Amino acid sequence: MNIVTIKINGYEYNLKGDENEEYLHKVASYVNKKFSAIKQNNTKLSVSAIGALASLNIADELFKVEEKIALNTEGYNKLMEENEALFNKGKEENNKEKALVEENERLLSEIKELKFQLQSSKFRIIDLQNKLIDGQVDLAKIKKFRKGV
């Protein structure tokens, strides 16, 4: 526990706190500045009136900061929800894209197989055409041989 002596409005106080000395002096300096600002604006105020007004000003700042924090937290939560929704949408699109890539690869493989079958069929047609021509030549030879006999 730290104990520091601070000065507010000309009076010394001993502060005890778990925070470090620098922080305690910073807080005291802030409060002293509030006192001084109020005292400069109205020199006829009593010390207790200055204390009350300083407390009100500090409480007002606190509430405004808390309100900003609440708004920022709400905005942050909305952004996180939107981020999660976009992430999930991206995941879905990624899954769809993966499915399309897989389907594309399957179709390319099928096209490759069909091209192979088409090429094989072309060779069989050429082979059958050659056999047909050979058969026609043989038939012509047989007819010529029969005419000559």
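Read along the sequence, this protein runs β-β-α-α. That makes two helices and two strands. Helices here are DSSP runs of H or I with at least four residues, strands are runs of E with at least two, and both are numbered from the N terminus.

A word on the source. This is a predicted model, so local features need pLDDT of at least 70 and side-chain atom pairs count only at pLDDT 80 or more, while totals for chains, interfaces and linings use all residues. Residues are numbered from 1 along each chain as its sequence is written, and side-chain values use heavy atoms, with hydrogens and water left out.

Now the overall shape. The C-alpha trace spans about 150 × 30 × 20 Å along its principal axes. The radius of gyration is 48 Å, whereas a compact globule of 149 residues would be near 15 Å. That radius is taken over C-alpha atoms, and the globule rule is 2.2 Å times the number of residues to the power 0.38.

Next, burial. Of the 149 residues, 9% count as buried. Buried means under 20% relative accessible area, exposed means over 50%, and partly exposed lies in between, with a 1.4 Å probe and protein chains only.

Where is the largest nonpolar core? Its nine residues are Val4, Ile6, Ile8, Leu24, Ala28, Phe35, Ile38, Ile50 and Ala54. The largest share, four residues, comes from α1. By core I mean buried Ala, Val, Leu, Ile, Met, Phe, Trp, Tyr and Cys residues joined through side-chain atoms within 4.5 Å.

Take Ala54. Not counting residues up to four places away in sequence, Ala54 touches Lys34, Phe35 and Ile38. Contact means heavy atoms within 4.5 Å.

Asn9 sits in the loop between β1 and β2 (11-17). Is Asn9 buried or exposed? Asn9 counts as buried because its relative accessible area is 15%. Leaving aside neighbours within four places in sequence, Asn9 contacts Asn32, Phe35, Lys39 and Val47.

That brings us to Val47, in helix α2. With a relative accessible area of 43%, Val47 is partly exposed. Together with Tyr11 and Tyr13, Val47 forms a nonpolar surface patch with about 310 Å² of accessible area. Patch residues have over 30% relative accessible area and no salt bridge, and nonpolar side chains (Val, Leu, Ile, Met, Phe, Trp, Tyr) are joined within 5 Å. A salt bridge puts a side-chain nitrogen of Lys or Arg within 4 Å of a carboxyl oxygen of Asp or Glu. Accessible areas come from the Shrake-Rupley method with a 1.4 Å probe.

How values were computed
Patch = residues over 30% accessible without salt bridge, like charges linked within 9 Å, V, L, I, M, F, W, Y side chains within 5 Å.
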